[in-house]
Amino acid sequence: MTHPEHLRDEEADKLHGLRERDPELDRLTGHVRKFAVMMTARHGDRLEDRISGAEQDSLAPLAGFARNLRRDFDAVRNGLSLPHSSGAVEGNINRLKMLKRQMFGRASLDLLRIRVLLAR
């Protein structure tokens with residue numbers, strides 16, 4: 001799950017050996033790497049090509065993933081192209097849910113409100 005350049009030599013050798021022995025794993029690795037480059041370089045314009053390539057491959061889980069991407073194509077393409085992110089909002093929502101779970105059944109809404117306001 002890391003960039004190939006960040007692998008230690010023995011990890012790279014092990015991955016190379018696995019890819020040589022299993023052609024499906026080799027094809028999957030190629031698809032994943034192409035998709036990762038598209039994500040990190042913000043090349044949403046290449047999404048159609050990546051989806052088509054995955055759908056044409058015989059790897060069923062990969063084709064299913066590609067079909068699901070196609071369901072909301074515009075949103076996925078924009079997420080891969082635009083510099084905007086909802087990461088900060090998602091982080092705050094996650095923090096609020098965690099506080100709510102910690103206090104469920106133990107405290108009142110007033111105490112939850114104070115914790116949310118003071119947790120920053």
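Residues are numbered from 1 along each chain as its sequence is written, and side-chain values use heavy atoms, with hydrogens and water left out. Because the model is predicted, local features need pLDDT of at least 70 and side-chain atom pairs count only at pLDDT 80 or more, whereas totals for chains, interfaces and linings use all residues. Helices are DSSP runs (H or I, at least four residues), numbered from the N terminus.

Two packed helices are described by the angle between their axes and the distance between the axes. Here axes are lines fitted to C-alpha atoms, for helices over the stretch in contact, and angles run from 0 to 180 degrees between N-to-C directions. Angles under 35 degrees count as roughly parallel, over 145 as roughly antiparallel, 65 to 115 as roughly perpendicular and the rest as oblique.

Helix 1 covers residues 9-21, and its axis lies 5 Å from that of helix 2, at an angle of about 120 degrees. That angle makes helix 1 oblique to helix 2. In contact here (heavy atoms within 4.5 Å) are Leu15, Leu18, Arg19 and Arg21 of helix 1 with Pro23, Leu25, Asp26, Thr29, Gly30 and Arg33 of helix 2. By class, this contact has 4 nonpolar, 2 polar and 4 charged residues; Ala, Val, Leu, Ile, Met, Phe, Trp, Tyr, Cys and Pro count as nonpolar, Asp, Glu, Lys and Arg as charged, and the others, Gly among them, as polar.

Helix 2 (residues 23-40) also packs with helix 3 (residues 47-56): their axes come within 11 Å and cross at roughly 165 degrees. The two helices are therefore roughly antiparallel to each other. On the side of helix 2, His31, Lys34, Phe35 and Met38 meet Leu47, Arg50, Gly53 and Ala54 of helix 3. This contact has 4 nonpolar, 2 polar and 2 charged residues.

Helix 3 packs with helix 5 as well, at an angle of about 120 degrees and with the axes 10 Å apart, and these two helices are therefore oblique to each other. Leu47, Glu48 and Ile51 in helix 3 meet Phe73, Val76, Arg77 and Leu80 in helix 5. The classes in this contact are 5 nonpolar, no polar and 2 charged residues.

Buried means under 20% relative accessible area, exposed over 50%, and partly exposed in between (1.4 Å probe, protein chains only). Leaving aside its neighbours within four places in sequence, Ala54 is in contact with His31, Leu62, Ala63 and Ala66.

Other residues are partly exposed. Methionine 39, in helix 2, has a relative accessible area of 45% and is partly exposed. Arginine 42 lies in the loop between helix 2 and helix 3 and counts as partly exposed at 41% relative accessibility. Most residues other than glycine have a negative phi. The phi of arginine 42, however, is near 55 degrees, a positive value. Leucine 96 is placed in helix 6 (residues 87-103) and is partly exposed, with a relative accessible area of 34%.
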